[in-house]
Amino acid sequence: MGARTGKEYLEGLRAQQREVWLAGERVKDVTRHPGLARGARAVAHLYDMQHDPKLREEMTYRSPSSGERVGLSFIIPKTREELERRRVMMLHWARTSCGMMGRSPDFMNVNYAAWAGAAEYFARGRPEFAKNIVRYYEYLREGDVTLTHALINLQRSRDASGLFNLEQGTALEVVRETDAGIIVKGARILATLGPLADEIAVYSPRLGRHAEAHCPFAMSFAIPCGTPGLKFLCRDSFDLGRSHFDQPLSSRFEEMDSIVFFDNVLIPWERVFLLGDVDLLNGMAQGTHYSAHSAHQGAAKNLAKCEFVLGVALLMTETLGNAHLPHTEERIGELMLYAELTRGAMRAAEADGKLDEWGVFCPDPVLIESTRNLFMTAYPRMIEILQLLGSSSFLLTPSEADFKSPLAADIEHYLATANSPARERVRLFRLAWDLAGSAFGSRQVLYERFFASDPLTRARVLAAIYPKAELKERVLQLLERED
Ligand SMILES: Cc1cc2nc3c(=O)[nH]c(=O)nc-3n(C[C@H](O)[C@H](O)[C@H](O)COP(=O)(O)OP(=O)(O)OC[C@H]3O[C@@H](n4cnc5c(N)ncnc54)[C@H](O)[C@@H]3O)c2cc1C
């Protein structure tokens with residue numbers, strides 16, 4: 001099939017019956033449900049870009065097996081140029097959603113490309129797992145399959161050891177093995193894009209956070225979202241059916257998060273990539289370098305988000321006429337810094353990238369993982385800056401309907417600024433509110449704080465790969481110097 005169109009993606013969602021629950025009701029068709037449909041259309045639009053004659057070359061490449069044009073985020077990069085090409089593609093998608101769809105399909109595509117490149121890592125579990133991962137990657141690439149993922153087990157209690165407190169009956173576990181596959185039962189969070197994906201991937205990202213006793217919980221697999229026994233429970237939708245004027249982001253980019261219940265779900269053997277091996281699970285990020293590739297996708301998204309927030313801030317301050325004030329300049333300067341640090345670290349990670357032991361060209365892990373850690377605190381700060389710049393203007397935001405009401409003349413008169421007619425000011429600040437104040441905007445902040453793990457795990461990830469020896473050595477050399 002090769003790179004899909006948006007229409008093909010939406011037809012794929014309709015063709016697969018799945019159990020999705022939202023606000024107490026089972027959703028019949030996710031592509032038509034008012035809380036999900038426009039998010040699905042946003043993903044469809046991304047797929048359509050692959051067929052835009054002006055973008056096609058930058059969005060796709062020739063499949064090494066079928067010769068069809070397939071999405072570039074599936075490429076297993078062998079050179080720096082291929083890595084850079086992939087980033088250009090990912091930036092096109094990220095800028096299209098203003099960085100608001102963290103789970104655009106490239107997020108998972110780069111992971112499976114990395115795993116297929118490092119397939120022998122999985123053979124350490126069982127030889128057939130290497131074949132499984134390669135076959136599955138090729139299936140994803142050739143069918144342009146959309147994936148969600150759910151990595152986190154629900155914990156009933158937490159302690160300071162940093163290890164997961166996994167309990168039987170809550171965490172997803174293997175309950176038995178059969179000739180056909182493994183049977184799993186339990187719950188996982190938080191499948192963003194869950195209702196809008198074709199398939200769901202399950203693995204665990206946690207560096208050393210699984211203990212030996214966790215072997216029934218150690219697994220990696222992927223199955224269709226319509227697999228019997230699989231249930232997706234959505235949070236409230238932030239798409240309230242309002243116009244693009246009223247809610248410019250919520251009305252477009254609702255990617256939805258969901259809890260996933262696995263009720264004795266059969267995972268066929270050919271879809272199992274890791275089973276019962278805690279060490280292999282704990283070592284997956286460093287052993288396959290997939291985390292660096294997924295951080296590369298994240299960096300492109302972060303850059304698009306920095307650019308978008310900065311663009312909004314520039315327009316806000318122009319509109320309010322406070323762009324020239326010193327403290328505004330200081331805050332805008334801070335936003336510029338985040339954008340350029342992100343761009344710089346991403347480009348440096350590509351420039352300092354290397355062929356890894358699997359022959360895959362990998363971005364420099366320290367530089368690229370740093371973009372993730374930075375964003376966990378930078379994004380909330382960026383949103384705080386928007387709030388400081390905008391103040392009450394965020395709430396001087398009558399709706400589109402108000403502009404047609406008897407108060408329209410008052411609104412037009414009083415809400416105009418020296419630089420902007422009222423309608424343009426309100427339109428801009430409704431966008432700013434959707435970014436910095438609405439439920440949609442607050443969820444974006446939460447997303448950036450946590451989507452790539454909790455702060456403790458992120459700090460440990462960076463500390464584990466940071467080259468420390470030379471730094472210590474230099475200090476010791478000074479201490480021993482006699483001159
Ligand atoms: C908007 C959003 C979208 C997401 N999308 C996805 C997705 O698509 N797929 C997916 O798999 N996951 C997703 N996640 C889940 C994300 O990976 C987790 O939220 C994250 O790993 C933190 O886990 P938790 O939520 O269970 O937090 P908790 O473990 O409940 O942590 C809560 C707080 O307690 C602290 N804490 C917890 N345990 C300890 C401990 N032992 N020692 C010290 N401090 C501790 C944490 O640092 C944190 O500050 C998403 C999360 C969000 C918010």
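A nonpolar core is a set of buried Ala, Val, Leu, Ile, Met, Phe, Trp, Tyr and Cys residues joined through C-beta atoms within 7 Å, where a residue is buried if 20 or more other C-beta atoms lie within 10 Å of its own, exposed if 12 or fewer and partly exposed in between, with C-beta atoms placed from the backbone. In this structure the largest nonpolar core has 130 residues, and those with the most contacts inside it are Ile-200, Val-309, Leu-386 and Ala-432. The model is a predicted one, in which local features need pLDDT of at least 70 and side-chain atom pairs count only at pLDDT 80 or more, while totals for chains, interfaces and linings use all residues. Residues are numbered from 1 along each chain, as its sequence is written.

**Domains and the core between them**

- The protein is divided into domain 1 (6-284) and domain 2 (289-474), with bounds that come from an automatic or database domain assignment, and the C-alpha centres of the two domains lie 24 Å apart.
- Across the boundary, 40 residues of domain 1 are in contact with 40 residues of domain 2, a contact being a pair of residues whose C-beta atoms, placed from the backbone, lie within 7 Å.
- On the side of domain 1 that touches domain 2, the elements giving two or more residues are helix H4 (80-96) and helix H5 (106-117), and H4 gives the most, with 9 residues; helices (H or I, at least four residues) and strands (E, at least two) are DSSP runs numbered from the N terminus.
- By class, that side of domain 1 has 21 nonpolar, 9 polar and 10 charged residues, where Ala, Val, Leu, Ile, Met, Phe, Trp, Tyr, Cys and Pro count as nonpolar, Asp, Glu, Lys and Arg as charged, and the others, Gly among them, as polar.
- The largest nonpolar core has 130 residues, of which the largest share, 15 residues, comes from H10; because domain 1 (6-284) and domain 2 (289-474) both give residues to this core, it lies between them.

- The 31 residues of H10 should span 45 Å at 1.5 Å a residue, which agrees with the 45 Å between its end C-alpha atoms; the expected span is 1.5 Å times one less than the number of residues.
- Since 26 of the 31 residues of H10 are buried, this helix is largely enclosed by the rest of the structure, and just after H10, Gly-321 takes a positive phi of about 75 degrees.
- Leaving aside neighbours within four places in sequence, Val-309 is in contact with Leu-335, Met-382, Leu-386 and Leu-435.
- Helix H14 (residues 422-436) has 15 residues and reaches 20 Å from its first C-alpha to its last, close to the 21 Å expected.
- H14 is mostly covered, with 11 of its 15 residues buried, among them Arg-425, Phe-429, Ala-432, Trp-433 and Leu-435, and its buried residues pack against helix H10 (290-320), helix H12 (365-390) and helix H15 (439-450).

**Around the ligand**

- Of the 23 residues around the ligand, Leu-151, Arg-158, Thr-192, Tyr-447 and Asp-454 come nearest, a residue being near a molecule or strand if its C-beta atom, placed from the backbone, lies within 6 Å of it.
- The elements that give two or more residues to this shell are H15 and helix H16 (455-465), and its largest share, 4 residues, comes from H15.
- The shell divides into 13 nonpolar, 4 polar and 6 charged residues, and it draws at least three residues from each of domain 1 (6-284) and domain 2 (289-474).

**A buried strand residue**

- Ile-223 is found in strand S10 (residues 219-224) and counts as buried, with 21 C-beta neighbours inside 10 Å.
- Not counting residues up to four places away in sequence, Ile-223 touches Glu-199, Ile-200, Ile-267 and Arg-271; the C-alpha atoms of Ile-223 and Ile-267, 44 residues apart along the chain, are separated by 6.9 Å.

**Backbone details**

- Most residues other than glycine have a negative phi, and most peptide bonds are trans.
- A cis peptide bond, with omega of about -15 degrees, joins Ile-189 and Leu-190, and Leu-190 has its place in the loop between strand S8 (181-189) and strand S9 (199-202).
- Cys-98, in the loop between H4 and H5, has a positive phi near 55 degrees and counts as buried, with 21 C-beta neighbours inside 10 Å.
- Asp-144, in the loop between helix H7 (127-143) and strand S5 (147-149), has a positive phi near 50 degrees and is buried, with 24 other C-beta atoms within 10 Å.

Methods
Two residues are in contact if their C-beta atoms, placed from the backbone, lie within 7 Å.
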